[in-house]
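Work through the following exercises with the sequence and the model side by side. Each task is followed by a solution that goes step by step.

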Amino acid sequence: MSETSKDLLERLFALRANGTTLRTEIVAGLTTYLTMAYIIFVNPAILSEAGMDFGAVFVATCLAAAAGSLIMGLYANYPVALAPGMGLNAYFAFSVVPQFGGDWRLALGGVFLSGLLFLLISLSPLREKLVNSIPRSLKYGIGAGIGFFLALIGLENAGVVADHPVTLVTLGVLAVPGTLLAMAGFVALVAAQYRRVPGAIMATILGVTAVAVLLGLQPLHGIASTPPSLAPTFFEMDLAGAISAGFVTIVFVFLLVDVLDTTGTLLSVGQHAGMADEEGKLPRLRKAMVADSSATIIGAVLGTSSTTSYIESAAGVEAGGRTGLMAVTAGLLFIASLVLAPLAQTVPLYATAPALVFIACLMARSLAHLEWGDVTETAPALITALAIPFTYSIASGIGLGVISYAAIKLVSGRAQDLNWAVSIIALAFMVKLALQ
């Protein structure tokens with residue numbers, strides 16, 4: 001590399017000032033990519049269940065991840081990569097789209113509006129007020145609940161659980177090849193993660209798929225080819241419909257989950273990277289939030305659910321990543337992934353099931369942070385966590401959790417724990433549920 005190029009990278013990312021090198025950042029970017037590249041297989045599989053074109057969503061996923069990561073790296077200089085978020089894609093496909101008669105264009109409109117609001121909030125002091133207004137216990141409950149929601153979807157895709165007319169759910173037929181492969185894949189994934197195998201999630205998905213192809217359970221569509229057309233989803237969002245179709249609650253849920261997820265990820269990864277000051281504050285946080293919200297807007301235009309910062313970036317930080325060059329490297333690798341569409345189409349749903357259940361296990365860890373000695377905090381959090389999968393709706397789960405939080409605090413004589421934001425949100429959800 002020429003001295004001019006090295007000087008440019010130094011000006012853009014301040015490598016020496018951050019105690020890192022070009023090689024370290026590239027290795028960290030590759031590590032981050034390997035830990036989160038499963039999304040290029042999982043996201044199209046989930047959104048195609050909502051009637052969206054698989055190939056177009058695959059391209060949108062790669063491009064949204066690339067755009068978000070590049071903006072985060074070049075504009076905010078944060079070692080954080082982005083991609084369409086898990087949980088938000090499930091909410092999009094299995095809650096929002098069915099609620100509006102299968103019209104995924106309306107759902108994309110809702111994603112775009114939430115991204116626009118997120119951008120406006122990121123540029124204003126309202127960002128911190130919104131994040132701080134949500135009680136920590138409910139934040140933990142929301143995170144765990146989304147994890148349980150993913151687990152339910154994963155177990156269903158694997159055939160481990162099935163519907164039942166009396167008990168609602170029951171044990172599926174386990175003695176079938178796809179289900180056995182999914183269960184074996186989950187065991188292998190947990191073991192690989194315990195041994196800190198890089199890219200364990202993606203390796204498991206590809207491993208299960210390879211076995212399925214070898215056993216004749218799944219046809220091989222190929223490995224690489226020219227990327228599919230983006231036309232079926234590009235600029236197909238229905239903004240006018242979303243504005244007029246009673247999307248207020250849905251946009252709010254998209255916004256709330258994205259803001260909480262992004263904030264938590266940035267704080268966690270930033271602190272792990274040693275970026276926080278003595279008071280725990282991160283530099284350029286507004287720029288990072290702007291990058292994240294911009295990625296959601298771009299993703300909606302391309303044709304995918306909300307794009308958000310990935311906690312898997314911590315793997316890259318663990319490998320030494322300290323600057324936005326790590327994110328840029330991951331973004332460029334997502335662009336390179338565009339040729340893998342045939343491989344993505346080869347992956348069966350039961351091959352992605354272990355990843356969904358494993359991610360659920362990671363998200364459930366948030367419950368460990370609850371104040372278990374205070375039942376007025378833990379009960380609403382658990383109501384939230386349980387209601388999300390049991391109602392098959394993130395919005396309904398959050399609504400029931402916030403309502404229960406407000407009601408329990410009032411009846412327990414702890415009204416001082418409520419703030420104006422929680423009270424307004426609780427009343428809004430009560431009105432919505434009453435009008436259903």
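**Exercise 1.** Which residues line the largest cavity?

*Solution.* This is a predicted model, in which local features need pLDDT of at least 70 and side-chain atom pairs count only at pLDDT 80 or more, while totals for chains, interfaces and linings use all residues. Residues are numbered from 1 along each chain as its sequence is written, and side-chain values use heavy atoms, with hydrogens and water left out.

On a 1 Å grid over the protein atoms alone, a cavity is a set of points where a 1.4 Å probe fits but cannot get out, a pocket is an open set with protein on both sides within 12 Å along at least five of seven lines, and lining residues have an atom within 4 Å of a point. A search of the whole structure finds one cavity of 30 Å³ or more, and the space in the largest cavity comes to about 50 Å³. Its lining consists of V42, A45, I46, E49, F94, N157, L349, T352 and L356. Helix 3 (39-48) and helix 17 are the elements that give two or more residues to this lining.

**Exercise 2.** Describe how helix 10 packs against helix 17.

*Solution.* Begin with the geometry: helix 10 (residues 200-214) and helix 17 (residues 349-363) meet at an angle of about 155 degrees, and their axes lie 8 Å apart. The two helices are therefore roughly antiparallel to each other, a term for angles over 145 degrees. Next, identify the contact (heavy atoms within 4.5 Å), to which helix 10 brings I201, T204, I205, V208, T209 and A212, and helix 17 brings Y350, A351, T352, P354, A355 and F358. By class, these residues are nine nonpolar, three polar and no charged, where Ala, Val, Leu, Ile, Met, Phe, Trp, Tyr, Cys and Pro count as nonpolar, Asp, Glu, Lys and Arg as charged, and the others, Gly among them, as polar.

**Exercise 3.** Which residues lie nearest the centre of the largest pocket, and which helix gives the most to its lining?

*Solution.* The largest pocket holds about 1900 Å³ of space. Of the 46 residues in its lining, T265, S268, I311, L362 and R365 lie nearest the centre. Helix 12 gives the most to this lining, with nine residues, and helix 10 and helix 17 are among the elements that give two or more. Sorted by class, the lining of the largest pocket has 23 nonpolar, 16 polar and seven charged residues.

Terms used
Axes fitted to C-alpha atoms, helices over the stretch in contact; angles between N-to-C directions. Helix = DSSP H or I, 4+ residues; strand = E, 2+ residues; numbered from the N terminus. Parallel < 35°, antiparallel > 145°, perpendicular 65-115°, else oblique. Points joined across faces, edges and corners; volume = space filled by probe spheres on them.
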